[in-house]
2 protein chains.
Amino acid sequence: MTASSALPYQRLHVELDARRYPIHVGPGLLDAPDMLVPYLAGRQVMIVTNETVAPLYLERLKRTLSGDDRDVRDVREVILPDGEHTKTLASVERIWDALLAAGFNRRCTLVALGGGVIGDMAGFAAACYQRGVAFVQVPTTLLSQVDSSVGGKTGVNHPRGKNMIGAFWQPRAVLIDTGTLATLPARELSAGLAEVIKYGLIQDADFLAWLEARMPALRGLDVEALTEAILRSCAIKAEIVARDETEQGQRALLNLGHTFGHAIEAHQGYGNWLHGEAVGAGMLMAAALSQRLGWLAADDMARVETLVADTGLPVTAPAAMSADDFLATMRLDKKNIDDRLRLVLLSSLGEACVYDDTPSDMLESLLADFPRA
Amino acid sequence: MTASSALPYQRLHVELDARRYPIHVGPGLLDAPDMLVPYLAGRQVMIVTNETVAPLYLERLKRTLSGDDRDVRDVREVILPDGEHTKTLASVERIWDALLAAGFNRRCTLVALGGGVIGDMAGFAAACYQRGVAFVQVPTTLLSQVDSSVGGKTGVNHPRGKNMIGAFWQPRAVLIDTGTLATLPARELSAGLAEVIKYGLIQDADFLAWLEARMPALRGLDVEALTEAILRSCAIKAEIVARDETEQGQRALLNLGHTFGHAIEAHQGYGNWLHGEAVGAGMLMAAALSQRLGWLAADDMARVETLVADTGLPVTAPAAMSADDFLATMRLDKKNIDDRLRLVLLSSLGEACVYDDTPSDMLESLLADFPRA
């Protein structure tokens, strides 16, 4: 494949058994048909986006996808409300209704234009429409670029828990236009950086050191630094996912900070804390528990605290949340096997493990002692 | 695996890449823990059944699944209303709500006890609960025994079309207790036999001749004949599915009669014609079109008509249905690629093909001429 435009971009391939797909990263890729059109299954294309992103990028994407006189495509859109609270089965039903109203068959393609919520819902809609149709992702937030781009996790929330209904469904391609980060609020940039830090913590001490040095540049939207951070993050995640596509083992390491973080999100109401903010605080809690288990030195713990703070993320848990509040949600976590709580902890900086033998009193005192806002 | 009970049974294995699962067929298997328990993922078991089947078989199955003092399992049930009209996303949501209310994690197992509607919904619920949990099928109608047992198709209807929302999800095991056919209404037995005939028509002329000879025995619930018909049907379907798990090519042959049949079901309202009845009439329409194309001799056509009639299935289309009524639904069929109608037709008795070049006027006149009730 060659780019018809002269856009600079980098590419990474995610390797999965029978399926292999590219992640293209670069500025201005929204305007590059050659990065998108080869991955469409047929002429029917449904863009799924939200009310925040549509005014910014929908028309550009439609123009890129629509084709020329010789190869016209039927490109339509579903525009959903914005926010984590919209990540429901009812929203996915709106996508299915739109597909059926348009008479789209199973050679259609769903294109997700937006953040993680849009990607998760559009991917789930694609996974289940006529038992599975083609899916392409155009993530426009840093979080979705480094998280949802790899792994094929799709789904929606249920009143009783986050991501309880969903499917594993891989995209045919991911297109990351780094230009979209210019319109991202600073708070969401920090939330995305939480996941970037996570990759360093669980698997790559060098990347962690690079992040400590480059955090001001990243928060200042330095394009070169962001591109490198995105590519290294996706590469680490791709390597872990390729080893464990359906999350039986290793892939659980990607949940560092998420068990604590989901409890915060569930307690505070989804969307009040950004996912990345909850993961930021959650990673600190996981690190603090690792320290109590004797796995992390005080110096290492201090480095994690400093990096999370430098990223602009919360370093405390919500004031109103008790240890029992945490435990109530954590017991429902998908990683648990039968009744045992399984947590992702740090065996050292740059190395994580799944641990199901934390003494209950140690966990409870950590939950009680951890600083509150 | 050995049967602790002395029940006679036969077994077939469905071979799929990384997954291989057994179909056990025999009388009284509902009471055989060794045929079921090894396929449970953990201790949490949710039986999904309906109001018709529950009074007949639920307690027996619960007893078989619950285990003894040393290995107690948490076995619960969801009892849904009966009928094709309940095959909706709302019913599947009831299953998800029950799983979440019970606090079931992703090592739980869903067990479908009932006909095809229950199997399709329980399978879809399993496919999407926490992005996929274990699934075991205990089909209690002939149709579901020879159809849903193999292939992994799950899903629900949408007001705009049948099976429009769903997933491919394979069971860990299928247990067919032939004893359950004793409680099946004769009309449903005939509907199940429609699918059995289909396997002969598309792939096995010998089996077709066997069916012509054994149809009275089958309708008379001769256990030996039924067991052989079930095993041969599942074996033919398994062979086709193993070649084409996600329905890209060959597997479409299994849809003989279904494109016409779905149109009848959609027009008449799902559930008024049984699925197998609609497929029975649909197979006759496909055969008649094959005859017009010059592929089927008059004698062959007469054999198909006689066999469908001998099975107790309708040999006419609904009185109120026009050719346009057929075409309106057929144009939405999932087999279509872009705008071309693709039909499964008979190239000879015992051999089918997918054909997308039927002249429009030939199809329209067939639809107009075919006998109405």
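**View 1. A two-residue hairpin links strands β7 and β8 of chain A.** Strands and helices here are DSSP runs numbered from the N terminus (E, at least two residues, for strands; H or I, at least four, for helices). β7(A) covers residues 153-158 and β8(A) covers 161-168, and they pair in the antiparallel sense over five bridges. Two strands count as paired if DSSP finds at least two bridges between them. Look for A:T154, which sits opposite A:A167 of β8(A). Five of the six residues in β7(A) are buried, where buried means under 20% relative accessible area, exposed over 50% and partly exposed in between (1.4 Å probe, protein chains only).

A word on conventions: residues count from 1 along each chain as its sequence is written, while chains are lettered from A and ligands numbered from 1 in the order in which they are written. In this predicted model, local features need pLDDT of at least 70 and side-chain atom pairs count only at pLDDT 80 or more, whereas totals for chains, interfaces and linings use all residues; side-chain values use heavy atoms, with hydrogens and water left out.

**View 2. Three residues of chain A carry a "binding site" annotation in UniProt.** The unreviewed entry lists A:E195, A:H258 and A:H275. They are spread over 81 residues of sequence, yet they cluster in space, with a largest C-alpha distance of 10.1 Å. UniProt positions are given in the numbering used here, feature names are shortened, and annotations may be inferred rather than shown by experiment.

**View 3. A:E195 sits in helix α5 of chain A.** The helix spans residues 186-203. A:E195 has 0% relative accessibility, so it counts as buried. Beyond neighbours within four places in sequence, A:E195 is in contact (heavy atoms within 4.5 Å) with A:L143, A:V146, A:D147, A:H258, A:H275 and A:V279. Its side chain also makes a polar contact of 2.8 Å with that of A:K198. A polar contact is a pair of N or O atoms within 3.5 Å; within protein, one must be able to donate a hydrogen and the other to accept it, and residues adjacent in sequence count only if both atoms are side-chain atoms.

**View 4. A:H258 belongs to helix α8 of chain A.** This helix runs over residues 258-268. A:H258 counts as buried because its relative accessibility is 6%. Again leaving out neighbours within four places in sequence, A:H258 is in contact with A:E195, A:K198, A:H275 and A:V279.

**View 5. Chain A has an open seven-strand sheet with mixed pairing.** The strand order is β1-β2-β9-β6-β5-β3-β4. β1 (10-15) and β4 (74-80) of chain A are the edge strands, each pairing on one side only. Inside the sheet, β6(A) (residues 134-139) and β9(A) (residues 173-177) pair in the parallel sense over two bridges, with A:Q137 opposite A:V174. Helix α1(A) (residues 54-66) lies across β3, β4, β5 and β9 of chain A, at about 170° to β3(A). Axes are lines fitted to C-alpha atoms, for helices over the stretch in contact, and angles run from 0 to 180 degrees between N-to-C directions.

**View 6. Chain B can be laid on chain A with an RMSD of 0.0 Å.** That takes a turn of 180° and a shift of 0.0 Å along the axis, so the two copies are related as by a two-fold rotation axis. The superposition is by least squares on C-alpha atoms of residues with pLDDT of at least 70 in both copies. The copies meet through the same surface, because 100% of the interface residues of chain B are also interface residues in chain A.
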